[in-house]
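Open the model in your viewer and keep the sequence panel beside it. The stops below are given in the order in which to select them.

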Amino acid sequence: MNICLVMFREDGTRVDFPLTKPDTVIGRKETCDIRIPLAEVSREHSKVHIDDVSIRVMDNGSANGTYVNNKRVADEKLAPGDHLIIGPVVFTVQVDGDPDEIRPVRTKLKRRSARAASGKAVAASASGSGAALDDSPDPISALEALASSAEQTAIDPLDDDDLLD
């Protein structure tokens, strides 16, 4: 089974995130498989579990919740075409190429506060794979590096001290 989470950047560019492990943790913590370092995303926000029978998303007690098709969920089965929403990021679930055509769902980003923007440079480091994020006003654009890497990539526009669960 080939499973991808598909997102669209603010500029309309499609980015695919293949899920190749049985468990994929999504959150802002450095150890997450898909890292979204935004205040609206908890450290280990949710987990996608894949087995021979189903694909499930489980919320890990996040402050802002995990949503499937605009409904807050704790544990939900995912189907092709479902929208998985974590913080301001919207992913479309694609299984074995289904749906074959995915309509853009834009991720809506809130700009950082002046304190965070002036005090912290948008930086990136990678744990082994080597991706970087510059001072782009679109921090989600760095998620693109994950699509081309089988390893975890760290992108860190804010330090954890600036973020609250």
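The model is predicted, so local features need pLDDT of at least 70, side-chain atom pairs count only at pLDDT 80 or more, and totals for chains, interfaces and linings use all residues. Residues are numbered from 1 along each chain as its sequence is written, and side-chain values use heavy atoms, with hydrogens and water left out.

Select T66, in strand β7 (residues 66-68); strands are DSSP runs of E, at least two residues, and helices runs of H or I, at least four, numbered from the N terminus. T66 counts as buried because its relative accessibility is 0% (buried is under 20% relative accessible area, exposed over 50%, partly exposed in between; 1.4 Å probe, protein chains only). Now show D59: its side chain makes a polar contact with the side chain of T66 at 2.6 Å (a pair of N or O atoms within 3.5 Å; within protein, one must be able to donate a hydrogen and the other to accept it, and residues adjacent in sequence count only if both atoms are side-chain atoms).

Next, select N70, in the loop between β7 and β8 (71-73). N70 is exposed, at 65% relative accessible area. Its phi is positive, about 70°, although N70 is not a glycine.

Move to D96, in the loop between β11 (89-95) and α1 (114-119). D96, not a glycine either, has a positive phi near 50°. Most residues other than glycine have a negative phi, and most peptide bonds are trans.

Finish at P99, in the loop between β11 and α1. The peptide bond from D98 to P99 is cis, with omega near 0°.
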